[in-house]
Amino acid sequence: MTRRPSRWLNNLLWVVPLIFLGTLFFYPLVTILRLAFSETFARVEPIQASTILHPLWFTIWQAVLSAALTLLAGLPAAYVFAKFNFPGKQLLKVLTTLPFILPTVVAAAGINALLGPRGWLNMGLEQLLNVTSPPVQITNTLAAILIAHVFYNIPIVIRVVGSAWAQLDPKMEQAARVLGASRTQVTTRVTLPLLRPSIIAAALLVFLFDFTSFGVILILGGPQFQTLEVAIYTQALSFFNLPVAGLLSLVQIMCTLVVTWVYSRLARGMNIPLLPCLKGEGMRAPRLPVEKVIVALMIVFLILLQVFPLAALVSSSVTRFEANRGERGPIQTGFTLDYYRALFTNISNSIFYVSPARAALNSLIYAIVTVLISVTFGLMAAYALTRARHGRWLMDLAIMLPLGTSAVTLGLGFIVAFNGPPLDILTFPLLIPFAHSLVALPFVVRTVQPALASIPASYRQAASVLGATPWQVWTRVEAPIISRAALVGAIFSFTISLGEFGATSFLARSDMITLPIAIYRYLSQPGALNFGQAMAMSTVLLLVCGSAIFALEKIQGTSA
Amino acid sequence: MDTLTVDHVAKNYESQPLLIDLSLEVHSGELVCLLGRSGSGKSTLLRIIAGIEPADSGRVLWNGEDLTSVPTHRRGFGLMFQDFALFPHLDVRQNVAFGLALQRLPESEIASRVDSALESVNMRGFARRRVTDLSGGEQQRVALARSLAPRPRLLMLDEPLGALDRALRGQLQEELREQLHRTGIPAIYVTHDQDEALALADRIALLHSGRIEQSGAPGEVYARPASQWVAEFLGMSNLLPGEVIGTAPLTVRTGYGIFKPETAPEPRAGERGRLLLKPYGADLIPAAQDADTLSGKVISSTFQIDHYLVKLELAPGLVFDFTMREQAKEGETIHLKLSPESQIWFKEAQ
């Protein structure tokens, strides 16, 4: 009696998540590959090499440049956070980290609110110089993309390198000093070599994010900046050229797989916390004058780069600078809640109009469904992984692969694979939360599985000996122990779903759009009202995701 | 002859005084063991001497030259850390060569000095090994070789055997002592283990309450502990509260009899304090006398190689240890005659 049901259950734990992944990830992926190969070679007109190589080249060099700039700005910041205490440090650390956790669309909107044509910088300069057109043209330039990438990814460098730096045994540096090394020699001969693995890991991770960057480039770069992601999107949705989109996806997957592989080899055994860690040991106040200058400069720099865009975003959502389209006569400038009110009304009376409130409701529903799906399957997969004797790496790989695949590729896969009954994107809106769940699943598994693995077998045995049935063992012993980890996974899933842009941009049709899609649409429309509403929606997302991260921090903080 | 002078050094740690007015001298060829409880500031003192941390006040001098403004890497001192702090990104050879390379010595000289340093700690065959693959004892040897290779003017060792297990410690202690004496480099050896200090030291300095409580040759410190704290720290726990009733000769009244200890600095009639009765030098006598006698019930008497360890109960809960040549019967009441030199009077701190 004891063996057979448990084996049956074990198989179920394996099979259900694998069916989910097989249908929603591997099948679309295979469809893309088939499409790319079969139609490419059957074509009368061969695809021009430049169609592929041009975006590939641009993607690589903008990613290299972005990653280099991020390291350049991030390493001193990591140093300051790892070594010094200063007033307001924890707050600055949380605020600095926030952009990475925010939806890309919100990050892009933040840069827009600060530096865009309607941003604070230009509005201020217009007043100051008494001109009517924005003096600083930064949107639709490479500079905007680079700034946004640094803004978005600097937290990775601060987290990964900063935590390695903070954990670096100060005795290493002291030992070098005693052996006769000057401060510079300590840095070049001890500190940097010891930090090298974490610096390389951070650089690769940042490169990977910049390589697969989509929302930022679409919103801030405009159509002339064709990265692989943007090219896949325009080929598929503007030119309906699915084979080329498939081929681009293939190239994209290969590149990300190589980088991910290199990264995971380097990161093996490294403890990389991506969330703010609010502890501080071995840190001190800056003492030497040069230290004080470095710390002060970094604080100013981080506030300008990391805090200003978010502050600009929030303040733009409640400030009116100019007349809305069609408004006449003198207008009231200054504080306003109009943009938030407008979220609930169809001012333009368009029949294609989807109210932002509806988009927010959609987002909420999708997020809840995503949490249900990813936590259920995540728990099953985590159990399967914990109990597995063989083939664990295969399961692990299957779960992690969607994370290494770009969101745009996921979206493309869905539209090529599910274009008819029984699963059709037009009639089956649950495909959106399914796509989100693919991205969220690895996070759930990665948080729940260690908690599960940490439960000693003796707990289950003790409960059984005391008379608990297997079900009671689960509800009374295991579930309470892993509930905290499951909650963390659920919050992760929730924020991932709320912010997901790449895959959703392929799948969201007419009235099924989500908040990030609505923000993108409003940002690409002219007029102060549309801009203001985009700011208002971004602020809402910012607050929700910010609170979610705050909750995560609290939950994880109390478990330590 | 070189001299390190620690001159009235004070240091606060998290706004609590850790070192208060600490002075110490170390001369060439001398191995000084700095002995104290954990948290007494021993390691901090080493870090101040090395220049890793600044003192709040006071100075560190080398042959009379003030080192306050000399940065760590120019002091020419060696410091061996408790957990060795070997550089994990370098192999054994590179670790030992680290200080030599910074002196810009020619490659050939570096190579030969690394070889001889590794040779001297019996680690020659380990040159190309990763330091993370070494056992604790091997790491300790490499750390010693790394500290000695640049030929420091002074070597400081911060509990160098503290991270190792007991069996290994005895063996390495012997090696360390031999190494340090051969090189003649003056050394400060920090430990909380009195047996280790006794085995190694030319001189012991006891650190307590931010000061050097007593300093001297090991035998001297044991023979004449300077304070009640020193006596207790060295494991002498036969202490009786009492009061001076006469000063010539010194006479002390306790709850368990009148005692006439050897002498004490400036005793005054009526002062209160504690009388230390050393465990050795007690003779069994048939009946109590009017002075220098202790009576009690034998709780246990155990044979230990060449003497008996007797636990004597003076009153319920008050048990003293004595070593005796003769066996005493358990449960029996006995009388001990204590020689004046086995008694030390500590007056109560004001």
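**View 1. The interface between chain A and chain B.** The area buried between chain A and chain B is about 1,900 Å². Carbon and sulfur atoms give 68% of that area. The model is predicted. Across the interface, 17 residues of chain A are in contact with 23 residues of chain B.

View 2. The interface holds 1 salt bridge. Its partners are B:Asp83 and A:Lys171, whose side chains meet with an N to O distance of 2.8 Å.

**View 3. The side of chain A that touches chain B.** Two helices of chain A, α7 (170-178) and α8 (183-211), each supply at least two residues to this side. The most comes from α7(A), which gives 7 residues. Sorted by class, the side of chain A that touches chain B has 9 nonpolar residues, along with 4 polar and 4 charged ones.

**View 4. Helix α7 of chain A.** This helix is mostly covered, with 7 of its 9 residues buried. The buried residues of α7(A) are A:Met172, A:Glu173, A:Gln174, A:Ala175, A:Ala176, A:Arg177 and A:Val178. Charged side chains are thus on the list, including A:Glu173 and A:Arg177. After α7(A) comes A:Gly180, with a positive phi near 110°.

Methods: Residues are numbered from 1 along each chain as its sequence is written. Chains are lettered from A and ligands numbered from 1 in the order in which they are written. This is a predicted model: local features need pLDDT of at least 70, side-chain atom pairs count only at pLDDT 80 or more; totals for chains, interfaces and linings use all residues. Side-chain values use heavy atoms; hydrogens and water are left out. Contact means heavy atoms within 4.5 Å. Buried area is the accessible area (1.4 Å probe) that two parts lose on being put together, summed over both. A salt bridge is a side-chain nitrogen of Lys or Arg within 4 Å of a carboxyl oxygen of Asp or Glu. Helices (H or I, at least four residues) and strands (E, at least two) are DSSP runs, numbered from the N terminus. Buried means under 20% relative accessible area, exposed over 50%, partly exposed in between (1.4 Å probe, protein chains only).
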